[in-house]
Amino acid sequence: MFKRMALSCLALVAALAASFTVVEAKSLDDIIKDGVIRIGINPNFPPNSSRGSGGDWEGFDIDVGNKIAESLGVKVEWVPTETPQRVPFLVADKIDISLGALTRSVERAKLIEYTAPLHTEVMAVLMTEKLDIKSWKELDDSKYTLANMRGNWSVDYLKKELPNSKVELVDTIADTVRLVAQGRADAIVENIDFFMKHTKNYPDVKWKVLPEPIDTGWCAIGVQRGNYPLRDLLNIALYSMHSSNFVNESWEKWYGAPMLVKVTPNPYF
Amino acid sequence: MNYTFQFGVAFAQLPELLKGAVLTFELGLLTFWGGALIGLLGASLKTFGGAVLRRLAGIYVIFFTNTPALIQIYFLYFGLPEVGILWDKFTCTLIGLTLNAGAYLTEIMRAGFISVRRTEMEAAETLGMSVWQQIRFVIVPHIAKAIYPALANFFVVILVMGTSVGAVIGVDELTGQAINISTENYRWLEMFTLVAGIYVVLTLVASLSLALVGRWAFRVKAKVF
């Protein structure tokens, strides 16, 4: 009986191992030849990317994606990619590039390539008037629960900076805001620009923002590991978008205010 | 452009995953026993209840067997707070899975109820036994052996498929732990290969234990392999 079971397990492992083929990224030449670039965007992340009233995608990331496709001379295939899916989708070649405010981090850089920065994000505290704190450091207490998203770089950052606070993790921006609105969590410590639109869904909740900036994250475009031709092309395209002020103008158009910390275009990378 | 497996990274997280496995087992056990009690009540109402109670039990079964457990848990977790009821994620998952399991177990037990011979029930009635005494002393001992395999299989299904649904609302059972860790170390392939192995071990342990209990209690010749 056990010999049969052991043989079956070995056969299963062998079959699984054989099915683990290496998934290579689509090369820059293939993207141009096929005439389409697959761009990963967050499906519910206003004003970065969301469906407009007509059903079309709109937002800062959409403008950037369209500009990249225009420079390549290809069409865009928008691939809805939730926050925790950005890196796995690049590794699995489900997308050619990832937008969606992909903050640069060493952990992610072990698996994917980053371009030069596209934009920045400045962390602050979004909470309700139920909380009476003056500084984000007061949240370092086990009586406070922070809401955050799985796959956010800030999850790891806050484990180090606020190790005593509890954390509730969900999968989307909307659910993160809902946690605080419904009282399951006390605050969101993140780039709150990304969350403000969703607070409008809870008009009865008295939202409050602690304006003290905590940290600046640098968001770039992600490509699959080793896809250097595509990464280098994107760096050149980014330099052009930054130096023509396209990025800053698009950001201000969608966010209603200039980027707090601007990206300085650099021709060397 | 290729991927290098690093199973060492996944194995380093084994203690956290095992904590999740313990929670999976706990959730599975509580769900099963809670569901079994509801199942017994539901089967009793459907067999012996009046028209109204039978109809209510029927609506409960139809609703909970025809909607996904995830929808039911979402309703409890995201919907109830809108009317002022705020339960934590573990409670919502437990209640959602228990109500879901109870509906399926109602039908499993009802099948057992109606398999008891009419003459036995009439004899119990003649002896003056109440409905609950009939269930306790006549029906349950008769059907226990017959429905035990179905109940044992159902427990394994809850353990493996049911409990992982809690991961969607952040419960740190085995799948939830794996998702949380994977979104930090980005080693999805390695983590979930390890998690699949842990689930196989969990179900083998559960199946073996249930088979041994079945052999001891009911002299059932249960085979696991």
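**Figure 1. Contact of helices α2(B) and α3(B) in the predicted model.** In this predicted model, G42(B), L45(B) and K46(B) of α2(B) meet L53(B), R54(B), A57(B), G58(B), Y60(B) and V61(B) of α3(B). Two residues are in contact if their C-beta atoms, placed from the backbone, lie within 7 Å. By class, this contact of α2(B) with α3(B) has five nonpolar, two polar and two charged residues. Ala, Val, Leu, Ile, Met, Phe, Trp, Tyr, Cys and Pro count as nonpolar, Asp, Glu, Lys and Arg as charged, and the others, Gly among them, as polar. Helix α3 covers residues 51-65 of chain B, and its axis lies 8 Å from that of α2(B), at an angle of about 135°. Axes are lines fitted to C-alpha atoms, for helices over the stretch in contact, and angles run from 0 to 180 degrees between N-to-C directions. The two helices α2(B) and α3(B) are therefore oblique to each other. Angles under 35 degrees count as roughly parallel, over 145 as roughly antiparallel, 65 to 115 as roughly perpendicular and the rest as oblique. The crossing of α2(B) past α3(B) is left-handed; a crossing has this hand if the near helix is turned anticlockwise from the far one by less than a right angle, and is right-handed if clockwise.

Notes on numbering and model: residues are numbered from 1 along each chain as its sequence is written, while chains are lettered from A and ligands numbered from 1 in the order in which they are written. The model is predicted, and local features need pLDDT of at least 70, side-chain atom pairs count only at pLDDT 80 or more, and totals for chains, interfaces and linings use all residues.

**Figure 2. Contact of helices α2(B) and α7(B).** Helix α2 (residues 14-48) and helix α7 (residues 131-162) of chain B have axes that come within 10 Å and cross at roughly 140°. That angle makes α2(B) oblique to α7(B). Here α2(B) makes a right-handed crossing with α7(B). From α2(B), the residues T24(B), G28(B), T31(B), F32(B), S44(B) and F48(B) meet V131(B), I135(B), F155(B), I158(B), L159(B) and G162(B) of α7(B). This contact of α2(B) with α7(B) has seven nonpolar, five polar and no charged residues.

Figure 3. Chain B has nine helices and zero strands; helices (H or I, at least four residues) and strands (E, at least two) are DSSP runs, numbered from the N terminus. M121(B) lies in helix α6 (residues 118-126) of chain B. With 17 other C-beta atoms within 10 Å, M121(B) is partly exposed. A residue is buried if 20 or more other C-beta atoms lie within 10 Å of its own, exposed if 12 or fewer, and partly exposed in between, with C-beta atoms placed from the backbone. Leaving aside neighbours within four places in sequence, M121(B) is in contact with V116(B), Q134(B) and V138(B). P141(B) is 20 residues from M121(B) along the chain, and 13 Å separate their C-alpha atoms. Of the 225 residues of chain B, 37% count as buried. The C-alpha atoms of chain B fill a box of roughly 75 × 50 × 25 Å, taken along the principal axes.

**Figure 4. Backbone details in chain A.** P46(A) and P47(A) are joined by a cis peptide bond, with omega about 0°. P47(A) is in the loop between β1 (36-41) and β2 (50-51) of chain A. D93(A), a residue other than glycine, has a positive phi near 55° and is located in the loop between α4 and β5 (97-103) of chain A. D93(A) has 16 other C-beta atoms within 10 Å and is partly exposed. A101(A), not a glycine either, has a positive phi of about 55°, and its place is in strand β5 of chain A. A101(A) counts as buried, with 26 C-beta neighbours inside 10 Å.

Figure 5. Domain 1 of chain A gives 14 residues to the contact and domain 2 of chain A gives 13 residues. The contact between the chains takes 27 residues from chain A and 15 residues from chain B. On the chain A side, α4 (86-91), α5 (106-109), α6 (153-161) and β9 (166-170) each supply at least two residues.
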